[in-house]
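Here is my note on the model, point by point. Please read it with the structure open.

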Amino acid sequence: MVSRRQSDLMQCLDGRGMVAIADLARALGVSAETVRRDIRALVDAGAVVRAHGAVGLAGQTGEAPFDRRMRENAAAKRAIARAVAAGIADGASVMLDTGTTTSFIARALLGHRRLTVVTNSSDIARTLATVNGNRVFMAGGELRGDSGAALGAPALDFIARFSVEHAVISAGAVDAGGVVDYDLQEAEFARAVLGCGGRRVVATDATKFGRRGVIRVAGFGQIDLVVTDRAPSADIGTALAGAGAAVQIAD
């Protein structure tokens with residue numbers, strides 16, 4: 001929940017681009033350290049952007065949509081990423097679809113060695129290529145401007161050549177029927193990823209539970225594990241258990 005002071009801080013930022021922390025402190029009549037404390041919570045919530053001693057409202061700083069989404073529920077996504085990475089051994093093969101949570105997983109895998117990684121995400125490919133003896137295979141095709149993801153028939157044809165130990169996807173939404181998305185091509189790619197893996201994992205923060213998507217990705221019978229930060233609602237939990245899919249709550 002946003003406090004009154006945090007709400008006042010956001011009002012001060014509205015329409016002003018990036019504002020120095022010292023200027024915010026003077027405007028609000030508080031110390032710079034108090035402003036920094038309030039900013040930390042707002043950064044974790046994805047409401048503001050911080051850079052070089054200044055802060056601005058998300059969406060008013062000229063950054064890409066994917067960069068904004070990387071800040072939304074960032075603490076939860078980092079915890080989920082660590083939990084997923086802990087289940088992947090050195091030398092393993094893993095396929096990752098595009099998404100902010102899977103991008104966090106790529107960063108959590110930076111301590112691993114000799115991974116074979118298949119992805120359609122330019123961000124994930126850049127993160128894991130050329131380090132620790134990894135081999136990275138990037139699906140081809142036109143890259144999306146917002147996410148740097150390759151989608152469509154060329155990307156689907158490419159990943160169909162692989163069989164990996166771990167297939168990991170993010171989720172736009174999760175309801176009692178399974179994993180759902182809002183974009184047809186992203187849903188098609190995520191579905192194909194699950195078909196390439198021996199162990200099929202959905203990594204999603206709890207804000208996605210109960211959302212209503214448009215395009216069905218997979219039923220719970222098509223996945224082995226959901227890694228999240230909080231337990232799902234009773235109807236989703238019952239559906240997962242009935243399909244034999246496990247739930248892991250990340251610390």
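1. Start with arginine 126. It counts as exposed, at 60% relative accessibility (exposed is over 50% relative accessible area, buried under 20%, partly exposed in between, with a 1.4 Å probe and protein chains only). Arginine 126 forms a salt bridge with aspartate 123, and the closest N and O atoms are 3.8 Å apart (a salt bridge is a side-chain nitrogen of Lys or Arg within 4 Å of a carboxyl oxygen of Asp or Glu). Aspartate 123 counts as buried, at 10% relative accessibility. Both residues lie in helix α7, three residues apart, about one turn of the helix (helices are DSSP runs of H or I with at least four residues, strands are runs of E with at least two, and both are numbered from the N terminus).

2. A word on the basis of these values. This is a predicted model, in which local features need pLDDT of at least 70 and side-chain atom pairs count only at pLDDT 80 or more, while totals for chains, interfaces and linings use all residues. Residues are numbered from 1 along each chain as its sequence is written, and side-chain values use heavy atoms, with hydrogens and water left out.

3. How many salt bridges does a search of the whole structure find? The search finds 13. Side chains of opposite charge can pair when their charged atoms come close. Arginine 26 pairs with aspartate 23, with the closest N and O atoms 2.2 Å apart. These two are three residues apart in helix α2 (residues 21–28), so about one helical turn separates them. Arginine 26 is exposed, at 60% relative accessibility. Aspartate 23 is partly exposed, at 34%.

4. Helix α3 deserves a look too. Glutamate 33 and arginine 36 meet there in a salt bridge of 3.7 Å, N to O. Being three residues apart in helix α3 (residues 32–44), they are separated by about one helical turn. Glutamate 33 is partly exposed, with a relative accessible area of 36%. Arginine 36 is partly exposed as well, at 30%. Salt bridges that share partners join Glu33, Arg36 and Arg40 into one network.

5. Now the interior. In soluble globular proteins, nonpolar side chains tend to be buried together. The largest nonpolar core here has 32 residues (a nonpolar core is a set of buried Ala, Val, Leu, Ile, Met, Phe, Trp, Tyr and Cys residues joined through side-chain atoms within 4.5 Å). Ile159, Ile169 and Ile223 have the most contacts inside this core. Two or more residues come from each of α8 (153–159), β7 (164–169), α9, β11 (215–218) and α10 (234–243). Helix α9 gives the largest share, five residues.

6. Not counting residues up to four places away in sequence, isoleucine 159 touches Met95, Val118, Ala139, Phe189, Ala192, Val193 and Cys196 (contact means heavy atoms within 4.5 Å).

7. Is valine 201 buried or exposed? Valine 201 is buried, with a relative accessible area of 1%. Its place is in strand β10 (residues 197–203). Leaving out residues up to four places away in sequence, valine 201 touches Ala167, Val168, Ile169, Leu194, Leu225 and Val227. Isoleucine 39 is 162 residues from valine 201 in sequence, and the C-alpha to C-alpha separation is 33 Å.

8. Glutamate 186 sits in helix α9 (residues 184–194). It is partly exposed, with a relative accessible area of 23%. Beyond its neighbours within four places in sequence, glutamate 186 is in contact with Arg144, Leu151 and Asp181. Glycine 172 is 14 residues from glutamate 186 along the chain, and their C-alpha atoms are separated by 9.5 Å.

9. Please check two backbone angles. Most residues other than glycine have a negative phi. Arginine 114 is not a glycine, yet has a positive phi of about 55°. This arginine is in the loop between α6 (100–108) and β5 (116–119), and counts as partly exposed at 48% relative accessibility. Asparagine 132 also has a positive phi of about 55°. Asparagine 132 is in the loop between α7 (122–128) and β6 (135–138), and is partly exposed at 26%.
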